[in-house]
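Good morning, and thank you for coming. I shall present one protein structure today, and I ask you to keep the display in view as I speak.

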Amino acid sequence: MIGSGFGGLFATKALRDAPVEITLVAKTSHHLFQPLLYQVATGILAAGEVAPATRDILRAQRNARVLLGEVTDVDLEARTVTSVAPNGATTIAYDSLVVAAGATQSYFGNDHFAEHAPGLKTIEDALDLRARIFGAFELAELEDDPALVQRWLTFVVVGAGATGVEMAGQIAELAHRTLKDNFRRIDPTRSRIVLLDAAPSVLGSFGERLSTIATRQLAAIGVEVRLGLKVVGVDDTGIDVVDHEGHGQRIESMCKMWAAGVTGNPLGAQLAAASGAGTDRVGRVEVNPDCTLPGHPEVFVVGDLMALEGLPGVAQVAIQSAEHAAGQIVRRLQGEETGQPFRYKDKGSMATVARFHAVASVGRIRVAGFPAWVMWLAVHLAYLVGYKNRLTTLLHWAHSFIGRGRAERVVTRRS
Ligand SMILES: Cc1cc2nc3c(=O)[nH]c(=O)nc-3n(C[C@H](O)[C@H](O)[C@H](O)COP(=O)(O)OP(=O)(O)OC[C@H]3O[C@@H](n4cnc5c(N)ncnc54)[C@H](O)[C@@H]3O)c2cc1C
């Protein structure tokens, strides 16, 4: 298994009773529950609550071992995977390979934006953003010039999909509720939180009704939604945008973040080149209907790195495609016919807008407000790994949503 995200972990777990020896190699020693990363970035949850150690999750699974390493090469002919760690390289031979290396942030060819508008994909990203957000309030308190104060207190989130909406919503709640009485010179409630996107709607994939409700709710909690604006420049002190008619404007802001696009992990391009497989426009590997790499029935590409029938990069696709790959491996071991196509069961999608307010789209059902928020809470708790994590997460949620505190506000010099 390459990767310890949803794909790598669920493929490994699905093989717990199979007569196989599994090596899971990943460049981090933790499994990451990405859907709650924004809560680490905004001080609600601790890093460990969304990123438990992979080897601890798999401690009872005797047929699995976990290795730390960044995979740099897959030799499809020799059937080996080479990974590197600070103390050297390791080469692992395989009979079957599941590649679940995920996706990375895309700046649509403007990678230099990353320095001033970081994305949210890893624990490091979340801690970096947390430092930028809480740091902005601290530095605003030190300024005398009202224009500079406002520049520190203007937060811009690029990308009005689920991650962008959740980030903007939580920064607004932070500014308006949590930090209310924390400062003496600045008034955090005067913060400006701008959510912008080139698309014409917020949460477009949720349909018009939920999109409208989410936009209204964002406005109610103080988020300024700016649509139809394309980012053309990001620097230390602001962000430049143009509208459809080419009119440009600048938003002065010290704290920007990027939640606008993804691209397949570079390992995907390497595998595609070696096997002759295609990649889609965001660099995901085009696989056969059974999730195998063309010409290599022993290699599966699953999750965010897989391009199959336009399936989205969401946790359920990663989990189900990983379990499908595991099922195919078992069938092959048992001498049964393989090659069954992967069938995705869409369990719906949801996004929180503010505390006690979410939108959820499940089949034909569209729910918004408190009932959707309760659904969101139950689903996220159910998928969080580990009893202790669920308990402490619940306590932190009570602290932040019923109360108005944020337990995780530590900012270190490194972050
Ligand atoms: C901020 C955010 C919010 C999200 N919210 C939701 C949501 O609300 N609902 C939802 O369904 N989905 C959500 N998603 C998407 C969901 O998290 C992904 O679809 C899912 O994590 C994909 O699983 P994966 O295993 O394919 O990849 P990942 O979970 O990204 O895992 C990739 C793994 O591969 C490892 N890796 C990468 N490159 C290498 C290498 N070269 N060598 C070794 N290891 C490597 C990584 O360390 C990681 O362990 C969100 C994603 C983000 C970033």
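Let me begin with a definition: two strands pair if DSSP finds at least two bridges between them. Helices (H or I, at least four residues) and strands (E, at least two) are DSSP runs, numbered from the N terminus. What you see is a predicted model, in which local features need pLDDT of at least 70 and side-chain atom pairs count only at pLDDT 80 or more, while totals for chains, interfaces and linings use all residues. Residues are numbered from 1 along each chain as its sequence is written.

I turn to the overall division. The protein is divided into domain 1 (6-27 + 69-105 + 262-333) and domain 2 (111-260 + 352-402), with bounds that come from an automatic or database domain assignment. Between the C-alpha centres of domain 1 and domain 2 the distance is 32 Å.

Next, the parallel sheet. In which order do the four strands of this open sheet stand? The order is E10-E9-E8-E14, and the pairing is parallel. Strand E10 (223-227) and strand E14 (255-258) are at the edges with a single partner strand each, so one side of each has no neighbour in the sheet. From one strand to the next, the twist averages 20°; axes here are lines fitted to C-alpha atoms, for helices over the stretch in contact, and angles run from 0 to 180 degrees between N-to-C directions. Strand E9 (residues 192-197) is joined to E10 by five bridges, and Leu195 has Val225 of E10 as its bridge partner.

A helix accompanies this sheet. Helix H7 (residues 162-178) lies across strand E8 (154-158), E9, E10 and E14, and runs at about 170° to E9.

Where does H5 bend? The bend is at Gly135 and amounts to about 25°, taken as the angle between axes fitted to the seven residues ending there and the seven starting there.

Several residues of H5 are buried, among them Ala126, Leu129, Ile133 and Phe134. A residue is buried if 20 or more other C-beta atoms lie within 10 Å of its own, exposed if 12 or fewer, and partly exposed in between, with C-beta atoms placed from the backbone. The cover over the buried residues of H5 includes helix H2 (37-41), helix H6 (146-152), H7 and E14. Contact means that the C-beta atoms of two residues, placed from the backbone, lie within 7 Å. Glu138 also has its place in helix H5, yet it counts as partly exposed because it has 14 C-beta neighbours inside 10 Å.

Now to Gly261, in the loop between E14 and strand E15 (262-264). Is Gly261 buried or partly exposed? It counts as partly exposed, because 15 C-beta neighbours lie inside 10 Å. Leaving aside residues up to four places away in sequence, Gly261 touches Ser106 and Phe108.

The antiparallel arrangements come next. Three strands form an open sheet in the order E3-E4-E5, with antiparallel pairing. Strand E3 (70-75) and strand E5 (88-93) are the edge strands, each pairing on one side only. Direction ignored, neighbouring strands of this sheet are turned by 20° against each other on average. Strand E4 (residues 80-85) pairs with E5 over six bridges, and Ala85 stands opposite Gly88 in E5.

Strand E18 (residues 296-301) pairs in the parallel sense with strand E6 (residues 97-99) over three bridges, and in the antiparallel sense with strand E17 (residues 292-293) over two. In E18, Val301 stands opposite Val99, and His296 stands opposite Leu293. The hairpin of E17 and E18 has two residues between the strands, and Gly295 takes a positive phi near 85° there.

Finally, strand E20 (residues 349-354). Five of its six residues are buried, so E20 is largely enclosed by the rest of the structure. Five bridges join E20 to strand E21 (residues 357-362) in the antiparallel sense, with Thr352 opposite Ala358. In their hairpin, which has two residues between the strands, Phe356 takes a positive phi near 65°.
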